[in-house]
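Hi,

Here is the structure I promised to pass on. Have a look at it first, and then read my notes below.

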Amino acid sequence: MSKIFMNGKLVDKTDAVISVYDHGFLYGDGIFEGIRIYNAKVFKLHEHIARLYESAKHIDLAIPLSIAEMCKAVEETVIANSKKEGYIRLIVSRGVGNLGLDPRKTTNPQIIIIVDDISIYPEEMYEKGMEIITATTIRNIPNALNPRIKSLNYLNNILAKLEANRAGVPEAIMLNHLGEVAECTADNIFLVKDGVLKTPAIHCGILEGITRNTVIDLAKVEKIAVEECVLTRHDVFTADECFLTGTAAEVIPVVKCDGRSIGLGLPGEITKLLRDRFRKFISV
Ligand code: PMP
């Protein structure tokens, strides 16, 4: 049976339970990370842990472990589950409080590390590309709930995901409050136009994806010009290529958006090159 890290102890999956008074459950008051295990190694562990602690800082949540202790806890949980390929869900919730939302009334943030299998898109989607839509639900306005916080409150994204489900597509673009492209429900978005790789800048109101940053680095190695900028739906419709990035999705081509074919309606050359470089990068 899989072992789950709960506040310093490894427990069986069936014993891994939290209180119904935990504010992570009552209010979505907490943060998380999704991390991949490739070849028994934790991918970009330090980047994920750094983002976790930044999310914690923003919501004024003191994690009762140092960064080094947290890295060790993640690695030990992976070893305890003997996972060579898989997915880690690291959660820090505010902890048990009363029914009011005041975090001062809570005690003991809960640290939970789950190691499990990963469900990815079918291989055919990587070869042929996926179709997406633009959701009518906009991404959270940064001054309300900054998308840079990877919080336990994913209702904003879930509302957009419901629209994707209704349209029968796997992902949806979420615009920001200015009508600019932000990101998808669980992935960042990239376009290629005239050989230049473009992706929404952080200030457009996105989660700064670890995969996004890795792909930007890999593109630079390939001497591909990269622009982090403002993009609109016009840029999506008229792009030569489009792809999404995320811990689960890795690099996945998009060939249609809102009924319009993107470029030739096939995965583009730069997309294929970056997917290939990404696959090589994770296997070393
Ligand atoms: N945006 C959102 C809203 C996400 O949930 C995710 C997945 N964590 C991403 C982007 C991609 O980020 P990463 O590459 O770090 O998984």
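What is the order of the 6 strands in the open sheet? The order is S2-S1-S6-S5-S3-S4, and the pairing is antiparallel. Strand S2 (9-12) and strand S4 (41-42) stand at the edges with a single partner strand each, so one side of each has no neighbour in the sheet. (Helices, H or I of at least four residues, and strands, E of at least two, are DSSP runs numbered from the N terminus; two strands pair if DSSP finds at least two bridges between them.)

Before you go further: this is a predicted model, where local features need pLDDT of at least 70 and side-chain atom pairs count only at pLDDT 80 or more, while totals for chains, interfaces and linings use all residues. Residues are numbered from 1 along each chain as its sequence is written, and side-chain values use heavy atoms, with hydrogens and water left out.

Back in the sheet, S3 (residues 30-38) and S5 (residues 86-93) pair in the antiparallel sense over 8 bridges. One place to look is Phe-32, whose bridge partner in S5 is Ile-91.

Now for the ligand. As for polar contacts (pairs of N or O atoms within 3.5 Å), a ligand oxygen is 2.5 Å from a side-chain N or O atom of Tyr-154. Thr-247 also has a polar side-chain atom 2.5 Å from an oxygen atom of the ligand.

Cheers

Note on methods
A polar contact is a pair of N or O atoms within 3.5 Å; within protein, one must be able to donate a hydrogen and the other to accept it, and residues adjacent in sequence count only if both atoms are side-chain atoms.
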